[in-house]
Amino acid sequence: MKTITIRRPDDWHLHLRDGAVMEGVIGDTSRHFARAIIMPNLVPPVVTTADAQAYRQRIMEVLPEGHRFQPLMTLYLTEHTQADDVEEGKRSGLITAVKLYPAGATTNSHGGVRDLDKVMPVLERMAAIGLPLCVHGEVTTPEVDIFDREAVFIETVLDPLRRRLPELKVTMEHVTTKEGIDYIKSAPANLAGSITTHHLIINRNAILVGGIRPHYYCLPVAKREHHRLALRAAATSGDPRFFLGTDSAPHVDPSKECGCGCAGIYTSPNTMSCLAHVFEQENALDRLEAFVSLNGPAWYGLAPNEETMTLVKHDEQAHFPAKRETGAGDITIFDPMFPLHWAVAD
Ligand code: NCD
Ligand code: ZN
């Protein structure tokens, strides 16, 4: 039996939602992960430090007994965000990052940013106080093909912004393209990228071949195979600029299986099993810890977790339920389309 012991991992991009969905899904993260950056795209979004404080409290109230988990809160950047409020959030220790959603880019992003000029005062303050900006890196211009949105964002939005404000620390979240990987590698030390579990496993065929498969649809949408291979190489390289952000994004099944389904893949329950499989395939099990437990905390200026996690490769298949049942309805769990043999030891 093969085993590997690593420091307990963290998730640097997670959607917990609220209410009954949050109650149903939180244990899937807190069972394995010590900390997670919590996305603020609720309805209405988490905009102010007071909103984040209240949301944090709601998270702590539904945390299963005995689980040790620290939610790292973010603010949803709008054109009305106040720099003083953001600074106060950081100073109080509550706020770990601010999230930039270009308006209309993804689920619940209509209140996001249309005009970057309007948020420059906030970004300047963040640069001054060393608070990272987490970026959903896609343009929303209708002329741009959805598969090109990330590459065009880098060229027309992110690079100009970083030239304008070189001190700003930026996390390019859920990188999905070779262009994204190359851009991060070419940049100075204040740019890093998170990579999801599912983008290491699927390419765009998963969504479209043999029928339309809504549970593989997420944003940024999965790209061609050569992009997936670039993501795999980066994630398993040990390069400290790349770390795990699962982007686990639960939607109840009726919201995915319909004429206009929501974007988002729910990966929290089996993410660690999937990642052990991927890293083993790449002969990089010795670098799994860097990707899931070391690079992220180093980037966010935090200490790695002291606790450890052991993963065991069993001869028989590890079984995960197909769905997570919640008070709001069933949520389909990511199916990597290969048998999983790695499991987290209890
Ligand atoms: C996320 C969601 O459902 O909130 N969806 C997704 O496809 N990843 C939003 C996001 O992170 O883009
Ligand atoms: Zn997300």
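Predicted model: local features only at pLDDT ≥ 70, side-chain atom pairs only at ≥ 80, totals over all residues.

Biologist: Which residues come nearest to ligand 1?

Modeller: There are 15 residues around ligand 1. Asn41, Thr106, Leu219, Asp247 and His251 come nearest.

Biologist: How does that shell divide into nonpolar, polar and charged?

Modeller: The shell has 4 nonpolar, 9 polar and 2 charged residues.

Biologist: Which side chains have an N or O atom by an oxygen atom of ligand 1?

Modeller: Arg17 is one of them, with a side-chain N or O atom 2.8 Å from a ligand 1 oxygen. Thr107 is another, at 3.1 Å.

Biologist: How much of ligand 1 does the protein cover?

Modeller: The protein covers 100% of it. On its own, ligand 1 has 310 Å² of accessible area.

Biologist: And where does ligand 1 sit?

Modeller: In the largest cavity.

Biologist: New topic, the metal. What are the protein donors of the zinc ion?

Modeller: His13 (NE2), His15 (NE2) and Asp247 (OD), lying 2.0 Å from the zinc ion, which is ligand 2. Asp247 also turned up among the residues nearest ligand 1.

Biologist: How are the zinc donors spaced along the chain?

Modeller: They follow H-x1-H-x231-D.

Biologist: Why is the arrangement around zinc irregular?

Modeller: Because the 4 donor atoms subtend angles of 91 to 138 degrees. A tetrahedral site needs all angles between 85 and 135 degrees.

Terms used:
Residues numbered from 1 in each chain as written. Chains lettered and ligands numbered in written order. Heavy atoms only, no water. Near = heavy atom within 4 Å. Polar contact = N/O pair within 3.5 Å; in protein donor to acceptor, adjacent residues only side chain to side chain. Areas by Shrake-Rupley, 256 points an atom, 1.4 Å probe, with all protein chains shown as cover. 1 Å grid on protein atoms, 1.4 Å probe; cavity = no way out; pocket = protein on both sides within 12 Å on 5 of 7 lines; lining within 4 Å. Sits in = over half its atoms within 2 Å of the grid points. Nonpolar A, V, L, I, M, F, W, Y, C, P; charged D, E, K, R; others polar. Donors = N, O, S within 2.8 Å, 3.2 Å for Na, K, Ca; no water. Tetrahedral: all angles 85-135°; square planar, octahedral: opposite > 155°, others 65-115°.
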